[in-house]
Each structure stands twice: as C-alpha cells, then as structure tokens.
Amino acid sequence: MNITPLADRVLIEPTAAEEVTMGGIIIPDSAKEKPLKGTVIAAGKGTKDEEMILKPGDCVLYGKYAGTELELEGKKYLIMRQSDVLAIVG
C-alpha cells in the first residue's frame with residue numbers, strides 16, 4: 001500500500017475495539033463502540049498556514065465522528081485533517 005495524504009491530512013489505523021470488559025463480559029459486535037484511538041500510518045506535509053506536527057507511528061486520540069473511513073487490502077483506515085486529532089498519547 002502506498003498512500004500519501006495531501007496537505008494537513010493524516011491516515012490513521014484505528015485500534016481494535018474492546019472484545020471483553022475488565023469484568024470478563026464479552027461485548028457483542030452490535031454493542032461495540034467505535035474506537036477513538038489509533039496509530040498514524042502516513043501524514044501529509046502540512047500547509048503554509050499549518051505545520052504538520054503528527055508523524056507516522058504517533059498514537060493519537062480523535063473525535064467519535066472524525067474522518068472518512070476507507071478500506072484497503074482488507075484493513076480499515078481513517079483519513080482526517082490534523083485539526084480533527086485531539087491529542088497524541090505518549
């Protein structure tokens with residue numbers, strides 16, 4: 001796969017949704033929440049007004065409805081603007 005986001009966009013691979021709660025209860029697919037955490041796979045170069053802060057490998061938090069979903073080679077990804085990312089998890 002060779003995708004390079006343009007301008008201030010980033011390609012994120014969401015982390016897998018929780019399958020089991022801390023108490024051991026198995027969560028069915030219909031009740032799973034959309035993940036809000038992921039890993040940056042690729043990042044654009046930024047714009048003249050906004051420098052690109054994110055880089056591949058960063059673990060990030062993003063809004064529940066942020067980004068556009070796409071599927072490549074059987075994997076799901078999100079592509080969104082850097083401004084839709086809420087935080088970098090260290």
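Buried means under 20% relative accessible area, exposed means over 50%, and partly exposed lies in between (1.4 Å probe, protein chains only). With that in hand, here are the legends.

This is a predicted model, in which local features need pLDDT of at least 70, side-chain atom pairs count only at pLDDT 80 or more, and totals for chains, interfaces and linings use all residues. Residues are numbered from 1 along each chain as its sequence is written, and side-chain values use heavy atoms, with hydrogens and water left out.

**Figure 1. The protein chain as a whole has six strands and zero helices.** Helices (H or I, at least four residues) and strands (E, at least two) are DSSP runs, numbered from the N terminus. Read from the N terminus on, the order of elements is β-β-β-β-β-β. Along the principal axes, the C-alpha atoms fill a box of roughly 50 × 30 × 20 Å. The protein chain has 90 residues, of which 24% count as buried. Taking contacts (heavy atoms within 4.5 Å) with a separation of 6 or more, 63% join residues 24 or more positions apart.

**Figure 2. Asp8 and Arg81 meet in a salt bridge.** A salt bridge here is a side-chain nitrogen of Lys or Arg within 4 Å of a carboxyl oxygen of Asp or Glu, and the structure holds three of them. In this view, the N to O distance between the side chains of Asp8 and Arg81 is 2.7 Å. Asp8 lies in the segment before strand S1 (9–14) and Arg81 in strand S5 (residues 75–81), so the pair ties together parts that are 73 residues apart in sequence. Asp8 is buried, at 6% relative accessibility, while Arg81 is partly exposed at 36%.

**Figure 3. Glu13 forms a salt bridge with Lys75.** The closest N and O atoms of Glu13 and Lys75 are 3.4 Å apart. Here too, distant parts of the chain are linked: Glu13 sits in strand S1 and Lys75 in strand S5, 62 residues apart. Glu13 is partly exposed at 26% relative accessibility, and Lys75 is partly exposed at 42%.

**Figure 4. Lys55 forms a salt bridge with Asp58.** Between Lys55 and Asp58, the closest N and O atoms are 3.2 Å apart. Asp58 counts as buried because its relative accessibility is 10%. Lys55, at 48%, counts as partly exposed.

**Figure 5. Leu61, Leu86 and Val89 form a nonpolar patch on the surface.** Patches are made of residues with over 30% relative accessible area and no salt bridge; like charges are joined within 9 Å, and nonpolar side chains (Val, Leu, Ile, Met, Phe, Trp, Tyr) within 5 Å. Together, Leu61, Leu86 and Val89 have about 260 Å² of accessible area, a quantity that comes from the Shrake-Rupley method with a 1.4 Å probe, where for residues only the protein chains shown count as cover. Val89 belongs to strand S6 (residues 85–89) and is partly exposed, with a relative accessible area of 34%.

**Figure 6. Glu71 is exposed.** Its relative accessible area is 51%, and Glu71 lies in strand S4 (residues 68–72). Glu71 and Glu51 are 20 residues apart along the chain, and 27 Å separates their C-alpha atoms.
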